[in-house]
Amino acid sequence: MSHKWGLAVDLDKCTGCGACVTACHAENNIPTVGPEQAARGRAMHWVRVERYWEGEFPDVRLKFRPVMCQQCDAAPCEPVCPTYASHHTDEGLNAQVYNRCIGTRYCANACPYNVRFFDFFQPQWPRPLHLQLNPDVSIREVGVMEKCTFCVQRIKAAEIDAKAEKKELKDGDVQPACVQSCSARALVFGDLNDPQSEVARLARSPRGSRLLDDLGTLPNVTYLERQSQS
């Protein structure tokens with residue numbers, strides 16, 4: 001049975017610390033563009049933490065929502081790509097082939113979650129910061145689109161190790177950088193095709209919902225939170 005990777009985010013546990021954002025940058029070689037370019041909307045964060053205020057003063061509550069690529073089953077970013085750089089894998093991921101991308105940015109315009117980013121510059125890391133780069137992740141060149149991959153390099157490494165050891169992947173064997181770094185254990189990753197996995201159980205929870213689910217994109221990220229009291 002093929003895997004179908006998914007993520008669950010418990011918003012009642014998320015503290016908004018931003019560790020997932022930092023870990024994602026380090027794991028996936030995401031460059032920093034600086035304050036001037038960030039002010040022009042060119043900052044790249046494959047995961048961002050949004051803030052929401054609920055209620056009216058003085059009875060207000062601050063909530064956080066980590067937002068990354070939702071790995072949609074009916075992803076609007078895929079059919080608009082003229083070079084098939086944005087495509088769907090047999091494990092349910094919205095993959096991006098950088099060597100095919102010609103930078104039309106059609107996928108970014110089609111994505112309702114604003115989680116795709118265009119490389120306006122050739123990334124550079126001044127010495128000795130180049131020594132921190134992850135050798136398992138390619139450096140994206142200027143003029144291409146990039147996005148969250150659920151740390152596909154970690155998924156593939158775990159699958160290769162399991163095959164070499166002639167065993168099946170167990171629930172929890174694969175953890176993207178954001179999940180591993182979350183001290184509040186608000187993020188859970190796993191195989192949605194395994195009904196016994198924790199992520200599949202959380203995806204079935206009555207507390208669960210999906211971001212902009214009414215658009216019909218069929219996202220594979222589930223957000224969990226208790227119902228607010230009226």
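A residue is called buried when its relative accessible area is under 20%, exposed when that area is over 50%, and partly exposed in between, with a 1.4 Å probe and protein chains only. The model on your screen is predicted, so local features need pLDDT of at least 70 and side-chain atom pairs count only at pLDDT 80 or more, while totals for chains, interfaces and linings use all residues. Residues are numbered from 1 along each chain as its sequence is written, and side-chain values use heavy atoms, with hydrogens and water left out.

Select Trp 5 and Phe 189 to begin; both of these residues are buried. Their rings form a stacked aromatic pair, 5.4 Å centre to centre with 10° between the planes (rings of Phe, Tyr and Trp, the last by its six-membered ring, pair if their centres lie within 6.5 Å; planes under 30 degrees apart count as stacked, over 60 as edge-to-face and the rest as tilted). Because Trp 5 lies in strand 1 (residues 5–10) and Phe 189 in strand 8 (residues 187–191), the pair ties together parts that are 184 residues apart in sequence; strands here are DSSP runs (E, at least two residues), numbered from the N terminus.

Phe 118 is buried, with a relative accessible area of 17%, whereas Phe 120 counts as partly exposed at 31% relative accessibility.

Terms used
Helices (H or I, at least four residues) and strands (E, at least two) are DSSP runs, numbered from the N terminus.
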